[in-house]
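Visitor: I'm new to this one. Could you walk me through it with some questions and answers?

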Amino acid sequence: MDVFQSDGHKIIQGDAIIALDSYIEDNSIDLIFADPPYNIGKNFNGLRDKWDSDNEYLTWCYQWLDLCIKKLKPTGSFYVMTSTQFMPYFDIYLREKINILSRIIWSYDSSGVQAKKFYGSMYEPILFCVKDKENYTFNANDILVEAKTGSKRKLIDYRKKIPTVYSSEKVPGNVWEFPRVRYRMDEYENHPTQKPIALLDRIVKASSNSNDTILDPFSGTFTTSFVAKSLNRKSIGIEINREYAKIGLRRLNIIQELDGIQLEKEKRSFENKKLEPTLPSLFNQ
Ligand SMILES: C[S@@+](CC[C@H](N)C(=O)[O-])C[C@H]1O[C@@H](n2cnc3c(N)ncnc32)[C@H](O)[C@@H]1O
C-alpha cells in the first residue's frame, strides 16, 4: 500500500477494502463516489473485471458497500454505480442500511457498433443515498439546468394569483445526459471506463461544500479527485493499479516522477502525427 499526498489530496495505491478498513477513519467523509468494476469483463490494465460467479462479485461488493457507509459522516452522501444487471442487488441491499433518495440514469449516445438483435445498452445507473434524510448537503442552486417551458417556450402560469412566467431554470431530474469520454477529448486518459468531468462536477457541487472531504474507492483516472480539487474540496482516491495511480498523481499534481519515470500525459496517435508537407512548401524548397 503506497500513500501519496499534498495540499489536502491523498492517493492510496492499493486494495479498496484494505484501504477503507485501515486507512480511513469511521464517520469522517462528507461524500463518497464509488464506481467499481462492473463484473462485465473489462480489462483494467491486466486486471480482468470478471468474478467466477455473480454471488462472488456481490459478496465482494457488499463488503466495500458496508465500509463506505461506515466511513461516511452522519450528514454524508453516497453515490454508487455498477452495471445495469447488478444494480437491482445493490438497491435491495442498500435500502436496508441507508436512505436511497434518487435512482439516476446516466444516459449517453453511442456512435459505435450497435446491437442488432436486442436494444443496446445506452445508460448506466447511479444510486444517490444519504445517511440522514433530514440532514444532508444538497446545493440545488449550484447545479441548475435549463427549463425549456420558461426559457424557450416562454409559457405563463395562469394558475397563480398573479400570472407568472415559468422559471427558466430547474434542478436536474434523474435522467442525466453527458457524453462519454472519447479518445479525442482533452480530458481523455488511457483507461477503459473513465467517467466524464461533467458528471462528477454535478455530483460534487450538489453534495459537498468547500473544504469537505470526498472519497473515491475505485479512482481509475481520478476524475473525482480532479473535480474535487478544482472545486476547492479535499480528496482521497484509492486505486489498486499503479499505472492508474500515476494518472492521478499527475492529474492532481502531487508528484512529478514515480519509479524513476516522469509522469507525463501520453501523446495520442493524432497528436504524434507529423504534419504532411503541403504542395506549396515543397515547391519553396
Ligand atoms: C470503473 S473503474 C473507475 C473509473 C473512474 N471512475 C474514472 O473516472 O476513471 C474501476 C477501477 O477500480 C479499480 N479496481 C479494481 N479492483 C480494485 C480494488 N480491489 N481496489 C481498488 N481499486 C480497484 C480498477 O483498476 C479500475 O481503475
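**A first walk through the model**

Guide: Let's start in a loop: Glu264 sits between strand E17 (261–262) and helix H8 (269–272). Keep in mind that this is a predicted model.

Visitor: Is Glu264 buried or exposed?

Guide: Count the C-beta neighbours of Glu264 inside 10 Å and you get 10. A residue with 12 or fewer is put in the exposed class. So Glu264 counts as exposed.

Visitor: How far apart in space are Glu264 and Glu187?

Guide: Along the sequence, Glu264 and Glu187 are 77 residues apart. In space, going C-alpha to C-alpha, the distance between them is 14 Å.

Visitor: Let's zoom out. How many helices and strands are there in the protein chain?

Guide: The protein chain has 285 residues, and 31% of them count as buried. Its C-alpha trace spans about 80 × 55 × 50 Å along the principal axes. As for the elements, there are 9 helices and 17 strands.

Visitor: How far apart do the centres of domain 1 and domain 2 lie?

Guide: The domain assignment gives domain 1 as 2–137 + 174–283 and domain 2 as 143–171. Taking the C-alpha centres of domain 1 and domain 2, they lie 35 Å apart.

Visitor: Which residues have the most contacts inside the largest nonpolar core?

Guide: In soluble globular proteins, nonpolar side chains tend to be buried together. Here the largest nonpolar core has 49 residues. Phe78 touches Ile32, Cys68, Ile69, Leu72, Ile98 and Cys129, leaving aside its neighbours within four places in sequence. The residues with the most contacts inside that core are Ile32, Cys68 and Phe78.

Visitor: Why do the buried residues of helix H1 line one face of the helix?

Guide: Helix H1 covers residues 16–23, and its buried residues are Ala16, Ala19 and Leu20. Looking down the axis of H1, they line one face because they fall within an arc of 95°.

Visitor: And what covers the buried residues of H1?

Guide: Several elements are involved. The cover includes strand E2 (9–13), helix H2 (54–71) and strand E15 (234–239).

Visitor: What do the buried residues of H7 pack against?

Guide: Helix H7 (residues 242–251) is mostly covered, with 7 of its 10 residues buried. Those are Tyr244, Ala245, Lys246, Ile247, Gly248, Leu249 and Arg251. They pack against strand E1 (2–6), E2, helix H6 (223–230), E15 and strand E16 (257–258).

Visitor: Which residue takes a positive phi just after H7?

Guide: Most residues other than glycine have a negative phi. Just after H7, a positive phi of about 55° belongs to Asn253.

Visitor: Asn39 has a positive phi too. Is Asn39 buried or exposed?

Guide: Asn39, with phi near 60°, lies in the loop between strand E3 (29–34) and strand E4 (43–44). It has 20 other C-beta atoms within 10 Å, and the cut-off for burial is 20 or more. So Asn39 is buried.

Visitor: What about Asn45, buried or exposed?

Guide: Asn45 has a positive phi of about 50° and its place is in the loop between E4 and strand E5 (47–48). With 12 other C-beta atoms within 10 Å, Asn45 is exposed.

Visitor: Last stop: which residues come nearest the ligand?

Guide: The shell around the ligand has 9 nonpolar, 8 polar and 4 charged residues. Of the 21 residues around the ligand, the nearest are Ala16, Lys195, Phe218, Gly220 and Thr221.

Terms used
Residues numbered from 1 in each chain as written. Predicted model: local features only at pLDDT ≥ 70, side-chain atom pairs only at ≥ 80, totals over all residues. Near = placed C-beta within 6 Å. Nonpolar A, V, L, I, M, F, W, Y, C, P; charged D, E, K, R; others polar. Helix = DSSP H or I, 4+ residues; strand = E, 2+ residues; numbered from the N terminus. Arc of directions from axis to C-beta. Contact = placed C-beta atoms within 7 Å. Domains from an automatic or database assignment. Core = buried A, V, L, I, M, F, W, Y, C linked by C-beta atoms within 7 Å.
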